[in-house]
Amino acid sequence: MRRGGGGGRGSGNYTNPCLTLHQPWASLLVYGIKRIEGRSWTAPIRGRLWIHAASKVPEEDTIKAMEDFYREIYAVNGITDIKFPEHYPVSRLLGCVEVVGCVRCDELASWEAVPEGVRLEGQTNFCWLCEQPKKLLVPFEMRGYQGVYNLEKKIFEAAVRGLVSVEGPMPVKFPFPDPQDPFSLKPGSISEGFSENKASGVEKSESLSVAIAGARAAATQFNKKD
């Protein structure tokens, strides 16, 4: 399997790019519940990104923290019926999303063109903007790697035939600054016109603040155990 160089930070030569995520984040992305993939580095690709679940089994407290987080941020937009995955499988290729751009966290927080709940998802330096989730009817067992890497050809050829579209609780379409340029959503591309004094965050209730703190703690504790 060909791997992307530099932990996903390099330019790479990606034909069927894949990203390995811990659970429950991997399944939440493929199910269309998670619309922002947060990273400390910018997205090196545009287009289809395959999502693979890492081998670490998530703790029940971690799953609860993340499900509570998404319940709260969807409630900001009046959505209270969210069907979470029944299972969070590990060491499996789960499906794919379309990465349409990448912006800074502060840009996302101030971006009035997208729903308030989406703006609340940005909790890291860079936010990969994900649309059109699809899941595999039968997730494939495989190993993953760090960063963005290419799927093995035989895995890709089998997986692409087993995809089904997913309708998330609130699908989002991110508007391009330049509709003619599919690469126009990049860090700095939507910051023009933002006032430094402009309130960048959505007003947070106590329950929302607690859920955000819980999600941050879950991610931090999970990563420390690697």
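This is a predicted model: local features need pLDDT of at least 70, side-chain atom pairs count only at pLDDT 80 or more; totals for chains, interfaces and linings use all residues.
Q: How many salt bridges does the count come to?
A: The count comes to 12 salt bridges, each being a side-chain nitrogen of Lys or Arg within 4 Å of a carboxyl oxygen of Asp or Glu. Residues are numbered from 1 along each chain as its sequence is written, and side-chain values use heavy atoms, with hydrogens and water left out.

Q: Where do E67 and R71 sit relative to each other?
A: Side chains of opposite charge can pair when their charged atoms come close. Here E67 and R71 form a salt bridge at 3.8 Å, N to O. They are 4 residues apart in helix 2 (residues 60-75), so about one helical turn separates them; helices are DSSP runs of H or I, at least four residues, and strands are runs of E, at least two, numbered from the N terminus.

Q: Is E67 buried or exposed?
A: Buried means under 20% relative accessible area, exposed over 50%, and partly exposed in between (1.4 Å probe, protein chains only). E67 is buried at 13%, whereas R71 is partly exposed at 39%.

Q: What about R104 and D106?
A: Their closest N and O atoms are 3.1 Å apart, making a salt bridge. R104 is partly exposed at 28%, and D106 is partly exposed at 44%. As for networks, salt bridges with shared partners join K64, E67, D68 and R71 into one.
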